[in-house]
Amino acid sequence: MAHVSSGTYLKKLHLKEFVFHKTLTLSALLIIVLLLGIFLTLLVSSFPSIKALGVKFIYNKVWDPVTDEYGALPFMTGTLMTSALAIVISTPFAIGIGLFLGEYYPRGWISGIIKNAIELLAGIPSVILGFWGMFTIVPIIRTIEMKLGVTPYGVGILTASIILSIMIIPFSASLIRLVISMVPLHLKEAAYSLGATRFEVIRYVIIPYVKSGLSAGILLALGRALGETMAVTMLIGNTQIIPKGLFSTGNTMASVIANEFTEATGNLYFSALIEIGLVLFVVTTIINMIGVRIIKRFES
Amino acid sequence: MREGIRYREFKNLAFRILVILVVTISVAPLIAILVYIFKQGISVINWGFLVHLPKPVGETGGGILNAVIGSFLIIAVAALIAIPVGVTVGVYFSEQSKTGIFRTAHLAVDILQGIPSIVIGIIIYVWFVKPFGKFSALSGSIALALMMLPSIIKSTEETLKLVPLSLKEASLALGVPYYKTIISVIIPAGLSGILNGIILGIARVSGETAPLLFTAFGNPFVNFNILKPTASLPLIIFNYATSPYDEWHKLAWGASFILVVVILVLNILTKIAEKKWKVQF
């Protein structure tokens, strides 16, 4: 009798182990399927637009739902301008914070305060930053525009880029801090023992050593900036033209989706917006993959 | 080095001052934002603000009860979806880090983390809103769950990898089956890290607006039905902030204040969890 019951016990156990293993594997497979599903959904849903508009979608300057003509060039330009500008503005600050936390003050209360402050900044929702920007950055830009004699919209490429740079500083700073803190001590010590000052150590040892890591940090920040939606939507002015300068209004790929998606009635209109999403997905994924790869190589 | 030592030391000092200056400037917007939100928000916040519905334009007063309850509902359901899946995947990652599935799924999580939130919104719209023909809290929750997943998966994986092998071996040697070892030995040992990841994930999505635009959509009334359109804090901040009415701006400031406080508290909670229950072996 005992033999039989222990047999069924073992059988039950095996079954449980089997189910457990399969659940784990299935969950991992689910993630893969999910991602493939996301990609395929974007692809299939933008198919009508790909078929009807072809490559023209990318270089057509006109986006007009009334005449059913859809060209994404204005939004691609808008995204490129705001992201590039945000990178230019944020990088010096991010490197400064990286050096401060990674080299000058790696521990102690002051670095604790700065670290927490930066994390907090990263936690403030995009929509609130945009709201704040509407009441603080916009008036400042408007004053500058009036002094310069351009149309004082207040909103536009520069305004959106400033908020965008505030949003990506925490992100790139933490990555840069990480790579700076990984510089081997013996390299720095060797330079110091030759009589180098700290600035010279940073200039001639740390910066050359972390160059690839730095570029990865900036690249990943770019990937983030490209897809940022809410704050940009609130501050860029939402016009369907190719922005001509810093003070010009415009739209980014993300902001045009946010603005028009629920209103897109026509099939082609809807599909064209999803195609913009597809482009956004592909571009950010490629940029992130390159960035992650560089960081991983740097770590090892 | 042909430059004189004085000049070199001057450059050294100047650079240090520059770095400190740059850091001070980058902290400035944070302080400006917090001060601004608190100043604008505190004048609006009172009990009535929390327990009333928004009033139409022209009438003073009114609150954001629908958004507070909506946000809570959407995030709670999102967490219910994301936690079991995230923890399970995290366990798989920490246990089977040599299989091909691991490498592909790991890559998938990295990619998932980088997908712009607006694209997640589109996907959930196509999957769950369009087929059923209506916006719903549930679709918003699924969108947020997708965004929460990477953070839960990664923290689970990283914490469980820290749990020493001897603990697992001891349990297995006592004849405890593998699945029970994982569930009652390994996971409890790493619970603090997992919790930390969950709180962090919740904090991260609680301010997300873009994925809710075409999923939860919004609702002027209090709603408990997850199959109906539902309001949320970030959404009403967006809608009221972009409206031309001062009264609505005030509501948006109040909502911003509440949202920032909630995120602040969640962040502090993770800090405490990190310090107090850090896995130490």
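Student: Which residues is A:Thr252 in contact with, leaving aside its neighbours within four places in sequence?
Tutor: In this predicted model, A:Thr252 is in contact with A:Phe75, A:Gly78, A:Thr79, A:Thr82, A:Val232 and A:Ile236.

Student: And where does A:Thr252 lie?
Tutor: You'll find A:Thr252 in the loop between α10 (230-235) and α11 (253-260) of chain A.

Student: What separates A:Thr252 from A:Val201?
Tutor: Their C-alpha atoms are separated by 41 Å, and the two residues are 51 apart along the chain.

Student: Let's zoom out. How many helices and strands does chain A have?
Tutor: Chain A has twelve helices and two strands. Along the sequence the pattern reads α-α-α-β-β-α-α-α-α-α-α-α-α-α.

Student: What about the overall dimensions of chain A?
Tutor: The C-alpha trace spans about 95 × 70 × 35 Å along its principal axes. The radius of gyration of chain A is 25 Å, whereas a compact globule of 300 residues would have one near 19 Å.

Student: And what share of chain A is buried?
Tutor: Buried residues make up 47% of its 300 residues. As for contacts in chain A with a separation of 6 or more, 74% are between residues 24 or more positions apart.

Student: How is chain A divided into domains?
Tutor: The domain assignment gives domain 1 (2-45) and domain 2 (55-299). The centres of these two domains of chain A, taken over C-alpha atoms, are separated by 40 Å.

Student: Last topic, the largest nonpolar core. Which residues touch the most other members?
Tutor: B:Met148 and B:Ile237 do, out of 165 residues in that core. Helix α7 (residues 157-181) of chain A contributes the largest share of this core, 16 residues.

Student: What does B:Met148 touch, not counting residues up to four places away in sequence?
Tutor: B:Met148 touches B:Ala78, B:Ala79 and B:Ala82, along with B:Gly201, B:Ile202 and B:Val205.

Conventions. Residues numbered from 1 in each chain as written. Chains lettered and ligands numbered in written order. Predicted model: local features only at pLDDT ≥ 70, side-chain atom pairs only at ≥ 80, totals over all residues. Core = buried A, V, L, I, M, F, W, Y, C linked by C-beta atoms within 7 Å. Buried ≥ 20, exposed ≤ 12 C-beta atoms within 10 Å, placed from the backbone. Helix = DSSP H or I, 4+ residues; strand = E, 2+ residues; numbered from the N terminus. Contact = placed C-beta atoms within 7 Å. Rg over C-alpha atoms; globule rule 2.2 N^0.38 Å. Domains from an automatic or database assignment.
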